[in-house]
Amino acid sequence: MKDGSKIIHEGSHVDHHMVTKAKTMPIYETSVFVYDNLEQVDDYLGGNKDNYMYTRLENPNQRNLEQAISSIEGAEDTVVVSSGMAAINTALMALLSSGDHILVNEEAYGGTISLINQELSRFGIEVTYVSMKDMTHLEKAIKDETKLILTESVTNPLLSVVDVKEIGALAKKYELYLVVDNTFMTPILYKPIEDGADLVLHSLTKYMNGHSDVTAGAISGELTLIDTCRRVYRSTGASINPLEAWLVARGLKTLSLRMKAHSANAMSISQFLENHKKVKKVFYPGLKNHQGHHLASTMFTEGFSGMMSFELDTDLDGVNEFIKGLNMVTFAPSLAGIATTISHPAKTSHRGLSEEKRNELGIFDGTIRLSIGIEDVEDIREDLSNALDKIK
Ligand SMILES: *Cc1c(COP(=O)(O)O)cnc(C)c1O
């Protein structure tokens with residue numbers, strides 16, 4: 001071979017003849033796999049899961065991550081996709097058809113609401129948004145066309161705790177699918193499948209990966225439902241790339257340790273804020289006076305996660321002074337990484353809502369969302385305390 005050909009082929013097959021296996025999952029950064037003969041093609045199309053063809057369809061790094069998530073979620077199977085939003089879209093496309101009606105928690109993630117209102121509505125999906133803080137409204141909103149209930153286990157930014165078990169029983173009675181976005185809790189702290197969820201969704205971008213360096217999503221559930229989700233993501237091209245799947249699988253290895261640290265730090269910070277004279281109100285499911293504390297105590301026995309919010313007794317200028325007064329803690333409109341971050345719902349995640357609707361949901365100009373990291377808790381407390389002192 002000439003040099004131009006050699007550089008393309010030489011050395012690229014060393015791993016095809018390896019005697020010992022890699023201790024750590026290698027990154028299969030390849031778009032396609034090679035076949036020695038037509039029998040291998042038949043074997044792949046016959047469903048052999050050790051055989052791969054094309055990375056949009058599947059890849060060993062995707063498979064590795066899917067198995068890891070299924071094992072902690074208590075699910076028969078999982079599909080991983082390119083973002084949390086891709087997971088929500090894939091799940092809804094898999095379960096719904098034109099003419100169907102769905103019930104969605106009025107406190108759902110903003111991206112979920114945009115997806116439904118702007119895109120799925122154009123394909124004949126009808127929606128009713130319902131408060132799921134308690135069960136008073138849900139059953140009344142069910143119609144003949146209702147097919148599915150969608151909620152988060154704990155909502156953003158006021159940490160309303162949703163009684164998934166009660167809703168699961170209702171879904172069963174009316175033969176509806178129950179889809180639960182468990183991003184805020186993770187399967188370490190809560191497994192919605194045990195309480196009747198048909199599909200569990202995650203933005204892997206958040207705690208599951210945990211390091212604020214990947215965008216990814218997952219759907220877990222029964223084999224038959226996940227097979228349909230897999231068909232949809234393959235057709236729509238929502239696949240995760242191998243490096244990102246590898247990074248999430250790596251992040252997951254410390255998920256259990258991280259969730260304990262996030263929960264312990266958040267408990268401590270919520271108590272500090274609750275006793276601070278410039279703080280009007282603190283929202284954390286671990287606090288006794290939180291709306292959903294009793295329910296949370298029965299659902300989350302290992303900790304209440306690291307998400308909380310609080311209301312400052314000030315206006316936007318005061319909030320800005322607080323943000324500028326922070327040193328270690330950064331303002332970042334995402335959440336659930338190892339570093340503590342704050343966000344301002346009225347100016348970011350809930351900006352699209354009218355002020356009236358925000359206030360109705362309990363979100364005001366003084367509302368600040370905290371994603372408590374795993375730093376030394378003394379440092380988090382000191383930084384927040386210094387910044388609170390700077391508010392006039
Ligand atoms: C971030 C988030 C999503 C969307 O996930 P992406 O990975 O950003 O697409 C969905 N649900 C919840 C609860 C989230 O926090």
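Contact here means heavy atoms within 4.5 Å.

## Basis of the model

This is a predicted model, in which local features need pLDDT of at least 70 and side-chain atom pairs count only at pLDDT 80 or more, while totals for chains, interfaces and linings use all residues. Residues are numbered from 1 along each chain as its sequence is written, and side-chain values use heavy atoms, with hydrogens and water left out.

## Threonine 340

Threonine 340 sits in the loop that runs between strand E10 (330-331) and strand E11 (341-343), strands being DSSP runs of at least two residues (E), numbered from the N terminus. With a relative accessibility of 1%, threonine 340 counts as buried, a word that means under 20% relative accessible area with a 1.4 Å probe and protein chains only.

Leaving aside neighbours within four places in sequence, threonine 340 is in contact with Val329, Thr330, Leu370, Ser371, Ile372, Gly373, Glu375 and Ile380. Its side chain is joined to that of glutamate 375 by a polar contact of 2.7 Å (N or O atoms within 3.5 Å, one able to donate a hydrogen and the other to accept it; residues adjacent in sequence count only if both atoms are side-chain atoms). A polar atom of the threonine 340 side chain also lies 2.8 Å from the backbone nitrogen of glycine 373.

## Strand E7

Strand E7 (residues 217-221) is largely enclosed by the rest of the structure, because 5 of its 5 residues are buried. Gly217, Ile219 and Gly221 point one way from E7, whereas Ala218 and Ser220 point the other way.

In E7, isoleucine 219 is the bridge partner of valine 79, and glycine 221 is that of leucine 199.

Notes: Buried < 20%, exposed > 50% of the residue type's maximum accessible area, 1.4 Å probe, protein only. Helix = DSSP H or I, 4+ residues; strand = E, 2+ residues; numbered from the N terminus. Pairing = 2+ DSSP bridges.
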